[in-house]
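Have the sequence and the 3D model open side by side. This report moves from paired strands to a single loop residue, then to a whole chain and its contact with another.

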Amino acid sequence: MRIVVAILLLITNISAYAQVNSNRQIKGLITDITGEPIVGVTVMLQNTSKGDATDFDGNYLIKNIPQGNYTLQVSAIGFQSQNIAIEVKQKNIIKNITLVEDTSQLSKVLITSKTKAVKMEEHGFSVDAIETQKIKSQSLEINKILDNTPGVRVRTTGGIGSDFEYSLDGMSGNAIRFFIDGIPMDYYGSSYSINNLPVSLIERIEIYKGVVPVELGSDALGGAINLVTKEKLTNFAEASYSFGSFNTHKIAVHGQWRFNSGFTTRLSTFYTYSDNNYKVWGEGVFYGDESTGFQIVEFTEDNPAERFNDDFETVSAKLDLGFTQKKWADQFFVTLLASDLKKGVQTAQTMSRVFGKVRNNEQTFMPSIIYKKKNLFTDGLDVNAFAAYSYTESKVIDTSYIQYDWRGEEIGYRASGGEMGYDGRSLFTQKDNSQIYRLNTTYQLPYQFKLGLNYVYSGLKRSGEDPYTPEYRIPYIEPQNIASHFAGLSLETLKFQDKLRTNLFVKFYDYTATINDLEYTDQYEIIEYKNNITNWGVGYAASYRFSNNFLLKTSLEKAARMPSPTEALGDGVTVSNNPFIKPERSFNINLGTILGRYSIAENHGLKISLNSFYRDTKDKLLFTVLDARDNGQFQNVDRISGLGGEIDFIYDFKQKLKFNLNATYLDLRNNLEYEEDGTKNIFYKDRMRNTPYLLANAGINYTTNNILQKNSKIYTYFQSSYVHEFYLDWPSAAAAENKRTIPTQLVFDAGMSYTFPSQNFTLAFDVSNILNEQVYDNYRLQKPGRAMFIKINYQISE
Amino acid sequence: MKTNRLLKTITLNLFLGLTIIFTSCSSDDDAATVVSPENSKYLVSADVDGSGYYTTTDDLLENSISIIGSGYEGYANLGASVDGYFYVFGDGTLEKYEFTDTGMVYQNSISTEALVPGSFYRYIHNTGDGELFLSNFPNEDGDAPYAIIDLETFTVENYGYMTLPQVDGRSALWTQPIVNGDEVYIGTLYGDADWSNIASNLITVKYDYPSLENPVVLQSTASSGSTGGYRTNAAFVTETGTIYQHNLNSSWWHGDSELANNPTVFVKIENGAYDDDYVFDISAEFSEPINIWNAWYAGDNIMYANVIKESDITAWADLSSNIGTLVEINLATETVTELNIPQAPYVNLFKAECIENGKFYIPVSISGGNANIYEITIGGGANAFQKGASLDGSNVYINALYRNF
């Protein structure tokens, strides 16, 4: 805490210094006609040397202007230039500008102003950024979109709404943290998670690998995914409805209305339902009864089983009420988020155990406040503050006395009830009360240095109740707590005509947990363990652009991450708490280059990105199965390290036809030579078990205009993804022919959308897993086969 | 059906005295009649950092045994090796494999999920009569699941729940069976459902087999504690059909420190009842309180047992440290001999079913040290053993050893 105060004092002093030297200035926001901010627009005062280029958010600032009349020259490739007369009289002049696309220029030059995504990738961080503009009309889940990105692997356990795990360049599990507009998503509830959010609500997805910037204020050490939502200044409304295989329906409505007074309302709501009743067969999918002498009969591709307790339904609404573009705030919103989720649970950790009645329900209510202001109190001081309270109630309903098999038939009676465990029926309600506070500030220093501070506090109290309380669940009924402080300080600079970008940062973590354990002497007794751990992290990111087509970048971080609430406190059902859990630590290095875009002849373009990385993780938090029902506990496992590389190749023809190919190879090894008790580890140097290590994606998309109707647009894509076979267990254990494997998967998806001439209405069609392959991300957990979806999109905007 | 049952019983009795009750520990004569596929004579099951593996070998003495690059994934500590086939619990199944020259070949599975909804089978007992008896301890209603698997057809012959009778108002908390001809004896621990009010005597429940009807409660006042064992069975059928049984009377097992003062004993069951004239007080052979946590029958009235001093246990996890001592117990002469084999966490050794040419083979996996197979000369005394083949490394724990041929 003393450090935080010291940093704030430092910033205050710097602010005072800057104020003394301030003069007249012009600032503003430059957007396109849809209200989307434009990055990299040149804004110059004619006949002076004063000017600026818009930042990621489309803002510019020209300082130290003497009083007088000027002409503001605004130019950006791909947009019509503007000359705007302006009188500089007041101390602060705000001039927002809207640029109009220059289609004739585009067709000739084939270079556009850099999108935010491209600019992001030029930072020293190993980051990919995906603009969702072209794909948001499709029936694609965010998980699917990200899965096609270099170095990213999303492993799902089933259909829509199923559990998932991200892997970024070899780091996986909770080492990967998710953010929405820079706010950790941990407390938004399962409904408002990355796999459920409609892509149409998202403007851009940023994927940080290995090294995470300070402004994403959390203890992510393996990577971070930041979903950036729309922040338009204009009024708009969008609605979409998608329906398709497995009785899947998705509705999303998103809109904004801004009054002249600056009062602004936003609504984002979505509803998703799916039966997820896809066909499964093969290993683990069997039945056996008296007619077969209880010998198992496996279902086959010709006679598959149908999932029958896997339905998923969620509805979520987020309402923002506040002000935008006011003198005192760029944005100030009070937000209410409410969500409800209901799902069937079809299987345990593998399909060998099938459930017929187990269900999960979850409700989240989350009020929050956000405040954003650029140049607060003084020029160059930007503040972004967020505070939220979250209440999540999740229920595991496992009260059935009936045993089901894959035919969906009742085959037995469980005397104690409950399908998931051996301890009888359960109706466990978990209650999470959370608070999160975030303060993010940046201050523009002289000589193109920028100081950044990010502070996040999060605290969670978890308790539960169960009318059928077995003794082992007592620790989860009494309150357990977890709290963490995160503070990060960064110094960023641009040098040598913006060719060199560097970002040096230091991070501080503090973690406190109160965890209950159950001990038995002559009766069961709760023992409360308190645990406090602090850690420091440090890192840097740098890039140097040697030429327009050649950029080198590198980043390095020594980081830690605190155990998540479920890792530390358990979930009362399948995950036990761990009073002795420790933070996971990692040392990550990235080295990469971006080559291109090279223009070849007149119409062809080529861009290649290469990235290599090193990871060294200690005390990795891994879920360890402890009983025959696959229940377990998160435990620290030492030690995993290794190298990896990825390549991303993009070819375009007139920027209408685009072909991309990316591949990732990981060589992460078990580097624990001796265990804690001094015993030698026989799997030392083995490749990491249950970890995909060779991934590739290839895709082609084509955009064309005026085919069926004038001003209409057709977008088509064909995408393939490949994951090489990998072992469930350590590769050197057992003979190769006897090993349990997650088989190679090669999946093809395709889709097409048609945007009508009004540009308001888009019709899209998607088909996933075209060849109806039997696909697995996890051992004996089959994913859906071929599925088709139609989506209708309608949007209006000022 | 009844005729078939009677025929089987007569056949079994004819061979009693000629064979040891566990066919996996069969005599040389038996072994000579079955051709052992290459590299299949023994099966070694291991646990490495919480994952299970197993492999087969023809040599337990000279060379090292490795799961690196050979063998199979999965736990095999709960299995049975019978007549060239290996039966092992899988993921909701009981799986059958055949030993062949090219390795173990999967045959078929029985769905244990369908047999025992809401529970599982903890014990797999080879009756020696072409059947496996699967069982678990009782649920809170006192019903213990069981299934009888006919090995010839690999189908379920009988299954359901045994309702253990209440004894003096107490319920059966722990059970483990041993089949002896047309009877099955269920070793038990009795008490209240919350494991209080533990019975102060030894209780065994006898049923007709395989009907599992006509329960008869057998009681002995020789001591207290469980006659159902823990990892291993606490009851053994000798070549003459006599059942010997020991108790597990640790306060760490049943929670009653007062009852834990009663001795560790071997008792005898003959003609369907406890023989009160035979009580072999094992505790009397030691200077401080001890318990037998595991025991293996080697034939000729010789037992090998894992003895742990009560004072060496300060927490449950201590059982997995090097506090187990192997002793040789002669049930006929009533002598106990401590073997000069290293102490190890023998409590996690589920099966040691390997007897050949008067030798008993047992894995010794030292916590923080290496794992080896030891060859013990049956009845040979404290130093009649040799250290045999070693396993891969020091984080390997051998949790079962079977003789297949």
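Which residue in strand 44 of chain A is the bridge partner of T704(A)? The partner is I714(A). A strand here is a DSSP run of E with at least two residues, a helix is a run of H or I with at least four, and both are numbered from the N terminus.

First, some ground rules. This is a predicted model, in which local features need pLDDT of at least 70 and side-chain atom pairs count only at pLDDT 80 or more, while totals for chains, interfaces and linings use all residues. Residues are numbered from 1 along each chain as its sequence is written, and chains are lettered from A and ligands numbered from 1 in the order in which they are written.

**Paired strands**

Two strands pair if DSSP finds at least two bridges between them.

| Strand | Partner strand | Bridges |
|---|---|---|
| strand 43 of chain A (694-705) | strand 44 of chain A (713-723) | 11 bridges |
| strand 44 of chain A | strand 47 of chain A (745-755) | 11 bridges |
| strand 21 of chain B | strand 22 of chain B (325-330) | 6 bridges |

S721(A) has V747(A) as its bridge partner in strand 47 of chain A. In chain B, N306(B) stands opposite L326(B) in strand 22.

**An open sheet in chain B**

In chain B, 4 strands form an open sheet in the order 20-21-22-23, with antiparallel pairing. Strand 20 and strand 23 (335-338) of chain B stand at the edges. Each has a single partner strand, so one side of each is left without a neighbour in the sheet. Neighbouring strands of this sheet are turned by 30° against each other on average, direction ignored. The axes behind that angle are lines fitted to C-alpha atoms. In general, side chains in a regular strand alternate between the two faces of the sheet.

**One loop residue**

Where is D300(B) placed? D300(B) is in the loop between strand 20 (290-299) and strand 21 (302-309) of chain B. The cut-offs are 20 or more for buried, 12 or fewer for exposed, and partly exposed in between, with C-beta atoms placed from the backbone.

D300(B) touches I378(B) and G379(B), not counting residues up to four places away in sequence. Contact means that the C-beta atoms, placed from the backbone, lie within 7 Å. D300(B) and I378(B) are 78 residues apart along the chain, yet their C-alpha atoms are separated by 8.6 Å.

**Chain B as a whole**

Chain B has 4 helices and 29 strands. Its radius of gyration, taken over C-alpha atoms, is 20 Å. The C-alpha trace of chain B spans about 55 × 55 × 40 Å along its principal axes. Buried residues make up 56% of the 405 residues in chain B.

**Where the chains meet**

The contact takes 40 residues from chain B and 39 residues from chain A. Strand 7 (103-111) of chain B gives the most to the side of chain B that touches chain A, with 4 residues.

How values were computed:
Contact = placed C-beta atoms within 7 Å. Axes fitted to C-alpha atoms, helices over the stretch in contact; angles between N-to-C directions. Rg over C-alpha atoms; globule rule 2.2 N^0.38 Å. Buried ≥ 20, exposed ≤ 12 C-beta atoms within 10 Å, placed from the backbone.
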